[in-house]
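Welcome! Please take a look at the sequence and structure below, and then let us walk through them together.

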Amino acid sequence: MPRISSRTAVPLVAAASAMLVLCSCSAGAGSKSDEAATRTEADLVAGVGSAKDSAGPAPAVAGARKGGTVRVANLRDFSHLDPQKIYAGETYNTSLLWGRQLTQYQVVDGKPKLVGDLATDTGKPSDGGRTWTYRLKDGIAWEDGKPITSKHIKYGIERTFAPGFEVGPSYWPQWLTGKSDLAAAREVYGGPKKDGDFDRIETPDDKTVVFRFHKTQSDVPFMAAQSSSSPVRPDKDTGAAYDLKPFATGPYRITVHRQNQSLTLAKNPHWKADTDPIRHQYADKFEFTFEKKELNTAQEILNGRGAGADTVTTKNEFPPELIGEANRDAKKKDLIVDGRRGAFSSHLVIRNDRVADLEVRKAIHYLFPRQQARQALGGPRVGDIATTYSSPAIVGWQKYDTNPVAPTGDVKKAKEHLAKAKKPVKSLSYAYEATAVNDRMAQVLVDAFAKAGIELVTKPLPLPAYTNEVLRGTDPKYDLWMSTSSVDWPTPATGVPYRFDSRRDSLDNDPRYRNPAVDKALDRIARTGDATKKAKELIALEKDTIMKDVPLVPFLHQRVQQVRGGNVGGAFIHPIYGTISPAWLYLKKS
Amino acid sequence: MLRMLDVFRRDRTGLVALCVVAFFVLLALAAPLIAALYGKNPTEHYGQNEAGLLSPEGLPVLPNGGMSGDFWFGIEPGLGRDVFTQLLYGIRTSLLVATAAVAVIAVLGVALGVTVGYLGGLADRAFTFVCNVLLAFPTLLLFLALSPIVQTRFVDPGENEPAWMQFTVLVLVFAAFGWVPLAMVLRTTVRSLREREFVEAARAVGASRRHIVLRELLPNVWAPVLVHITIALPGIVTAEAALSFLGVGISEPIPDWGRMIARGSEVFYDDPTYMIFPGVTILLFVLAFNLLGDSVRDALDPRTRR
């Protein structure tokens with residue numbers, strides 16, 4: 001063996017160790033937890049307000065000042081601005097700046113209440129909930145000063161039937177025609193351009209809108225708060241161009257929209273604060289800019305560089321890379337706005353027809369290591385560990401825990417249930433979208449399932465394949481996968497009856513859950529005329545029957561973090577829409 | 001031969017590089033033994049199963065990436081695996097892929113290069129065409145596109161993709177394109193060799209083609225082959241790491257340097273230490289191999305001797 005020359009070897013080793021010394025300067029995370037500091041929301045939200053609540057003006061934000069330009073920096077421009085095409089919480093939220101609906105959520109101290117917006121109240125049902133009447137307020141006007149009439153509301157809702165509007169929700173067409181899907185509804189009525197007037201929406205005078213449904217509809221007040229229920233003036237309907245620059249009814253109007261570059265809003269002089277119980281008009285202008293890298297935007301805002309102090313992000317989420325930096329500095333931490341991501345929840349879906357044995361599903365419930373899985377995803381900031389199917393952000397929610405289990409999982413209990421299984425379980429398959437973070441979470445599950453002697457087969461699939469085969473496929477060959485879902489408005493009416501009705505297809509009922517008693521109960525509850533009562537019954541059904549069958553394992557009620565500049569006041573995560581709501585923002589100094 | 005060893009022995013850099021390479025090979029071979037003595041394994045989630053190692057956010061509680069007497073190189077953020085054993089077993093992954101690929105490359109390259117070089121004519125033209133096509137192939141893109149297809153096409157939905165399949169696919173892709181430069185070099189070498197007197201002499205005494213290729217030509221090309229593979233090997237190690245960095249190499253839970261570096265870049269702001277170990281290791285490993293390759297070439301090629 002030749003002798004190693006020390007002259008060559010030493011510099012190499014020295015260089016390597018120098019690098020170690022230089023770079024090993026990372027501080028430890030410490031054992032502290034921020035869990036307690038971020039949990040402030042009320043659990044029960046979105047009660048229905050009275051006519052008195054619906055009168056303007058909106059309760060003032062404490063300490064708010066007028067004037068200045070609030071800047072909003074997002075990576076992506078909005079995919080739709082046409083009110084009947086918007087179908088995303090974040091755009092619902094931002095479009096409050098220029099668009100008004102029949103009803104809307106008034107938020108005071110983080111607590112939402114559904115109130116009349118253009119309408120004087122949240123709607124009056126009659127004829128057993130088949131007819132709903134809305135009366136419009138006085139003094140509501142378009143950005144050119146002309147009054148908003150019932151014809152404009154009718155025209156807006158009629159548009160949802162037309163081709164091109166399937167990107168928005170299809171509840172109005174379904175409810176007004178009594179058909180179960182949009183295609184069938186369109187055969188009855190094809191939109192204002194094709195079929196003219198639709199007789200199911202009546203406008204006896206300029207101030208009254210009457211909806212005539214085929215069946216009892218309880219959730220109309222909530223649907224009336226969706227962007228689809230915004231008025232559109234036929235003479236201002238520019239077709240495809242309306243998606244870039246809608247005509248304003250809210251406190252601001254769009255002056256310039258350069259797609260994927262910027263969106264500028266100025267005050268709408270014809271908006272009267274007295275008529276609006278929801279929105280504010282603190283800033284003089286809103287300036288949206290798009291396409292800047294998320295990390296750069298967040299760093300500018302955190303450090304107050306450039307216009308950073310006056311900037312918020314409403315679509316970008318706070319980059320996880322910077323969480324550590326922000327947590328180490330109280331001033332920066334103060335700029336992070338944390339809240340519930342609306343009603344978004346993640347569940348470990350079990351394909352019930354493949355894992356048909358209740359004992360095995362129970363074992364999965366006990367094995368699932370919620371806390372470790374969440375740690376692999378980023379810890380408490382990504383969500384609160386869930387014990388219920390529905391999110392605490394919806395009306396009628398109750399805290400319950402059908403099969404209590406430690407967040408780290410309970411191998412002993414799982415083994416007990418596995419012992420009772422009709423057939424021994426050797427392996428289960430788990431499909432997921434192939435990303436590095438999901439790979440790691442899959443390893444957490446593999447680890448946990450192995451403790452009960454189950455080999456978890458992991459199936460990373462590229463996003464298109466995952467969507468086509470697992471989420472949208474009729475027959476995915478996997479036992480388990482992770483799914484994130486929400487509701488269209490904060491009642492369980494667009495959640496529970498869709499996911500757990502065995503007569504629905506696998507797009508809705510992805511666990512392939514089948515319980516005739518539940519189907520029957522859902523039919524009975526569908527005839528309930530009152531939204532709040534219906535919500536309570538659905539939650540009771542979820543708690544007392546559905547979750548006892550363990551059709552899926554609740555994982556997280558998701559949380560979201562965004563960032564605001566030091567000079568921006570009034571920033572909070574909207575409890576329904578799950579993003580910072582610009583309609584409450586003001587500048588502390590301008 | 002002796003002359004070459006003598007030259008190599010006088011090349012200090014080469015000797016150090018050889019020792020480093022030998023050290024890595026030794027570590028790879030002895031990985032299970034070292035891990036057993038050290039008392040950890042690369043797949044257990046220590047940070048998740050033992051309290052006090054990771055914060056709720058998944059970052060090491062102790063400074064410097066959680067380095068301690070128990071975890072010499074710290075623990076992985078998120079899952080809390082042991083970094084030292086991950087690195088140790090990562091050598092195995094890299095070396096296995098690289099040596100297997102290089103072996104296939106050497107066999108293919110020698111067989112094709114020498115044969116075509118000797119035959120010339122039509123075979124030579126066909127060979128050049130195929131080589132040009134293969135050189136123009138976007139290898140990385142091909143692999144990015146190929147890897148999910150292999151997963152979904154050849155693996156039953158109820159089974160994990162077996163480790164041997166992941167390794168085989170990687171090795172085959174590297175080999176399928178890696179033999180081209182070697183074969184082209186050998187073709188040129190053989191073309192000049194076959195005009196030399198000793199080959200003429202063999203032909204004159206009536207030696208068969210087989211005899212000429214195996215006995216007269218092959219012994220004269222092993223030097224460029226040796227040089228080529230010592231330089232190709234670190235290239236494959238980095239290419240494999242790059243694929244894992246992009247998320248299509250060897251998958252979890254088999255330890256892999258490229259994946260460690262990818263994770264390191266994700267957590268760099270909060271835990272820079274985690275990036276250091278795989279980064280420095282791969283640097284040392286590739287540097288040592290490259291220096292060794294240089295020295296081998298210097299020793300074998302009289303023109304570059306200093």
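Which domains does the domain assignment of chain A give? There are three to find: domain 1 (80-243), domain 2 (252-339 + 561-587) and domain 3 (341-559).

## Before you start

This is a predicted model, in which local features need pLDDT of at least 70, side-chain atom pairs count only at pLDDT 80 or more, and totals for chains, interfaces and linings use all residues. Residues are numbered from 1 along each chain as its sequence is written, while chains are lettered from A and ligands numbered from 1 in the order in which they are written.

For the complex, the predictor gives an ipTM of 0.83 and a pTM of 0.84.

## Domains of chain A

The bounds quoted above come from an automatic or database domain assignment. Between domain 2 of chain A and domain 3 of chain A, the C-alpha centres are 34 Å apart. Their contact (C-beta atoms, placed from the backbone, within 7 Å) takes 9 residues from domain 2 of chain A and 8 residues from domain 3 of chain A. On the domain 2 side, these residues divide into 5 nonpolar, 3 polar and 1 charged. Here Ala, Val, Leu, Ile, Met, Phe, Trp, Tyr, Cys and Pro count as nonpolar, Asp, Glu, Lys and Arg as charged, and the others, Gly among them, as polar.

## A hairpin in chain A

Strand β3 (residues 103-108) of chain A is largely enclosed by the rest of the structure, because 5 of its 6 residues are buried. Buried means that 20 or more other C-beta atoms, placed from the backbone, lie within 10 Å of the residue's own. Strands are DSSP runs of E with at least two residues, and helices are runs of H or I with at least four, numbered from the N terminus.

β3(A) pairs with strand β4 (residues 111-116) of chain A in the antiparallel sense, over 6 bridges; pairing requires at least two bridges found by DSSP. V108(A) stands opposite K111(A) in β4(A). The hairpin has 2 residues between the strands, and D109(A) takes a positive phi near 50° there.

## Chain B at a glance

Chain B has 14 helices and 0 strands. Its C-alpha atoms fill a box of roughly 80 × 50 × 30 Å along the principal axes. Of the 306 residues in chain B, 45% are buried. Among contacts in chain B with a separation of 6 or more, 71% come from residues 24 or more positions apart.

How confident is the predictor, and what is the mean pLDDT of chain B? The mean is 85, and 97% of the residues of chain B reach 70 or more, where pLDDT is the predictor's confidence in each residue, from 0 to 100.

How values were computed: Contact = placed C-beta atoms within 7 Å. Buried ≥ 20, exposed ≤ 12 C-beta atoms within 10 Å, placed from the backbone.
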